[in-house]
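Please look at the sequence and the model together before reading on.

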Amino acid sequence: KLTITNRLDSQILDSLNAWFDAATPVEIKSGLGWYREAQSFCEEVANHHGYSRYVVAGVVSALSPNNKWSRNKLDAIKLIEAAHGSLEDREALKVCTYGANKMKAFRILDGNQQIDPSSPKTHAFAMNVGLNSPDHITIDKWHIRSCILRPVDGIQPTVESITPKQYRRIEALTAQIARERGLKGYELQAIIWLTIKNHWGR
């Protein structure tokens, strides 16, 4: 599999710029709106249940692995509602991700676990959605692929996870391009995410 470690910063910047330049007007519009919708969702849930938007974003992020966005939101609401019930209610709750992530979401909601920077993806998502942070980037397998391959390179196998050191490297490079293009980092990431998924037909 192709990796990040043998890619120069200039090559990663070229790849990310190529994906952004390949985006259609619809992909750009959708990418710009994705985080706004997520921020609005978390704010609405936070206001309704008496939490901060940052905490709700942490719950959503904790429940996100291998979960579709539409179900992710439903799971977050169900979990917050179950948190006001009994221990049995919490244990009986079914969500579309791992049990350990469900318990992590409860601990974040209860204030018993911080949204830790040592889990950079979860932390970045909470910062993006909860606090509108422009320089934190939610880096998943699609963003990693977009750093390694350009649109002209076609579909090739790449690594799907990276070290914390490489995460910080990609985050800084992505934020750099976003600033150059007058965007927030999460807006650029969302546009590229939609574009590469559409190009790959996934």
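## Helices α2 and α7

In this predicted model, the residues Trp34, Tyr35, Ala38, Gln39 and Cys42 of helix α2 meet Phe125, Asn128 and Val129 of helix α7. Sorted by class, the residues of this contact between α2 and α7 comprise six nonpolar and two polar, with no charged residue among them.

The two helices pack with their axes 8 Å apart and at an angle of about 80 degrees. Because angles of 65 to 115 degrees count as roughly perpendicular, α2 and α7 are described as roughly perpendicular to each other.

## Trp69 and its surroundings

Trp69 is a residue of helix α4, and, when its neighbours within four places in sequence are left aside, Trp69 is in contact with Trp34, Glu37, Ala38, Val60 and Phe125. Of these, Trp34, Ala38 and Phe125 also take part in the meeting of α2 with α7.

The structure holds eight aromatic pairs. In the pair formed by Trp34 and Trp69, the ring centres lie 4.7 Å apart and the planes stand at 45 degrees, so this pair is classed as tilted. Since Trp34 belongs to helix α2 and Trp69 to helix α4, the pair ties together parts of the chain that are 35 residues apart in sequence.

## Helices α3 and α6

A further helix contact involves α3 and α6, whose axes come within 8 Å and cross at roughly 175 degrees. This angle makes α3 roughly antiparallel to α6, the cut-off for that description being an angle over 145 degrees.

On the α3 side the contact is made by Val55, Gly58, Val59 and Ala62, while α6 contributes Asn101, Lys104, Ala105, Ile108 and Leu109. The residues of the contact of α3 with α6 divide into six nonpolar, two polar and one charged.

## The largest pocket

The largest pocket of the model has a volume of about 1100 Å³. It is lined by 33 residues, of which Ser64, Pro65, Asn66, Lys121 and Asp140 are the closest to its centre. By class, the lining of this pocket is made up of 15 nonpolar, eleven polar and seven charged residues.

Several helices share in the lining of the largest pocket, with at least two residues supplied by each of α2 (25–49), α3 (53–62), α4 (69–82), α6 (99–110), α7 (120–131), α8 (141–148) and α10 (185–200). Helix α10 provides the largest share of that lining, namely five residues.

Conventions. Residues numbered from 1 in each chain as written. Predicted model: local features only at pLDDT ≥ 70, side-chain atom pairs only at ≥ 80, totals over all residues. Heavy atoms only, no water. 1 Å grid on protein atoms, 1.4 Å probe; cavity = no way out; pocket = protein on both sides within 12 Å on 5 of 7 lines; lining within 4 Å. Points joined across faces, edges and corners; volume = space filled by probe spheres on them. Helix = DSSP H or I, 4+ residues; strand = E, 2+ residues; numbered from the N terminus. Nonpolar A, V, L, I, M, F, W, Y, C, P; charged D, E, K, R; others polar. Axes fitted to C-alpha atoms, helices over the stretch in contact; angles between N-to-C directions. Parallel < 35°, antiparallel > 145°, perpendicular 65-115°, else oblique. Contact = heavy atoms within 4.5 Å. Phe/Tyr/Trp six-rings, centres within 6.5 Å; stacked < 30°, edge-to-face > 60°.
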